[in-house]
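The entries follow in the order I checked them.

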Amino acid sequence: MASGLLPEFFALLGIDLFLMLSLLTCLLDDRVPKAIPYIYQIAALVGYGHILVSKDFFTVFGEYMRFWYCFIYLLVSLANIVAVNIYFAAVKKQWTLAKVWSGAVSFPTILISIFFVSNYSYLQGVPFPLLLQIALVVAAIIMGTSVAIFLSPGALRNKFKEE
Amino acid sequence: MNLKAIPFKRSAKLLALLLTSMLIATVSAITYLQLTMSSTVAVYKSNVYFVIGSDDGTKGLTVTLDGTNTTATLTGLRAYPNASFTYSDPVKVRNNATAIPNPQIRLAPDVNPSANPEDFVYVKFLLNATAVGDRRWLNYTSNGSTWSNTGTTAWVTIPFSTQWSIAVITKATAGASENHSVTITIKVDVD
């Protein structure tokens, strides 16, 4: 295999996302159920179990199978990030927080994940279509600029005061 | 969010979660690193192997190959007193690849002979490449009391889908005793 990412990298990324979620939900524990940070810690431990299983059955499981169970784990962690985003927006009706979460957590994590998945697929000889790559870069630039403009600390302070 | 406003209980909870998070992240990263450092080595069929030559079954020679064609045993090679005797094609070495990169091969001594130096003048091995300049000699000579050899040959590139014979030339001393024999083991190194 070309020197690059192993499929387990996606599990590692998923673990880090769950841990980040755990810490963020702990900071926002007056807005989310108390057990949520601990559940995310357990989810991160499950991801560690994924890597351990891969390590012990490295030769038994093919790369195809290892990729899919690690990738699904990453998808689950991303789905949780988006779910928290939706929870703030739809259930708690905290639009400013939902917007901040979207710009500072959801979008960057999804973009980073897509970057690594595209890198992995490129190394495996299945590159993303050029149009999709360009669209992702454009989306990243637009979103990054929007976050910088609309989520400036001053603007956010005023918004939070209003809510 | 004003971090100073976070009550102690919440800070302790956050600290505990932070510590466990660091632990989980570190252990996972180390395990992943161990995974990247481990490597799998699979056995593949070699493209370079021996092929029985046309001299097999003639001049008393019997050539046998192992299951993978990577070891050739030549038995019944003859040496005549005071006369050079040549097996021009007892065994071949073949590069069965169908494309470059082409491997390099060379002849190298493996187990040096010790028996009956008084009965032999030489046993020579010639890697009979198509181009004269690519031919390689590995010669075992006897001074009557000990054997010596010319050492490992220089590398030579064997093109794909090509086979070269390894010729054997023998010569016994004028007063050699009949049925005395010597065993020589050589290697064909592949790079």
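What percentage of the 163 residues of chain A count as buried? I found 26%. I keep in mind that this is a predicted model.

**Confidence.** I looked up the scores next. The model has an ipTM of 0.82 and a pTM of 0.55. For chain B, the average pLDDT is 87. In that chain, 94% of the residues reach at least 70.

**Chain A layout.** I counted six helices and zero strands in chain A. Read from the N terminus, the order is α-α-α-α-α-α. I then checked contacts in chain A with a separation of 6 or more. Of these, 69% join residues 24 or more positions apart.

**Interface.** I listed who touches whom between the chains. On chain B, 20 residues are in contact with 24 residues of chain A. I sorted the chain B side by class: 10 nonpolar, eight polar and two charged residues.

**The largest core.** Which residues touch the most other members of the largest nonpolar core? I noted B:Val93, B:Leu107, B:Phe125, B:Ile166 and B:Val168, out of 30 residues in this core. Elements of chain B that give two or more residues to the core are β1 (48-52), β4, β5, β6 (120-128), β7 (136-142), β10 (162-172) and β11 (185-190). The most come from β6(B), which supplies six residues.

I followed B:Leu107 further. Leaving out residues up to four places away in sequence, B:Leu107 touches B:Phe125, B:Leu127, B:Arg136, B:Leu138, B:Thr153, B:Ile186 and B:Val188.

**A second core.** I also found a separate core of 27 residues. Its members include A:Leu6, A:Phe10, A:Leu21 and A:Leu74.

**B:Asn102.** Where does B:Asn102 lie? I placed it in the loop of chain B between β4 (85-95) and β5 (104-111). Why do I call B:Asn102 partly exposed? Because 15 other C-beta atoms lie within 10 Å, and partly exposed falls between the exposed limit of 12 or fewer and the buried limit of 20 or more.

I checked the neighbours of B:Asn102 as well. Not counting residues up to four places away in sequence, B:Asn102 touches B:Asn95, B:Thr157, B:Ile158, B:Pro159 and B:Phe160. I took one distance from that list. B:Asn102 and B:Ile158 are 56 residues apart in sequence, yet 6.2 Å apart in space, C-alpha to C-alpha.

Conventions: Residues are numbered from 1 along each chain as its sequence is written. Chains are lettered from A and ligands numbered from 1 in the order in which they are written. This is a predicted model: local features need pLDDT of at least 70, side-chain atom pairs count only at pLDDT 80 or more; totals for chains, interfaces and linings use all residues. Helices (H or I, at least four residues) and strands (E, at least two) are DSSP runs, numbered from the N terminus. Two residues are in contact if their C-beta atoms, placed from the backbone, lie within 7 Å. pLDDT is the predictor's confidence in each residue, from 0 to 100. Ala, Val, Leu, Ile, Met, Phe, Trp, Tyr, Cys and Pro count as nonpolar, Asp, Glu, Lys and Arg as charged, and the others, Gly among them, as polar. A nonpolar core is a set of buried Ala, Val, Leu, Ile, Met, Phe, Trp, Tyr and Cys residues joined through C-beta atoms within 7 Å.
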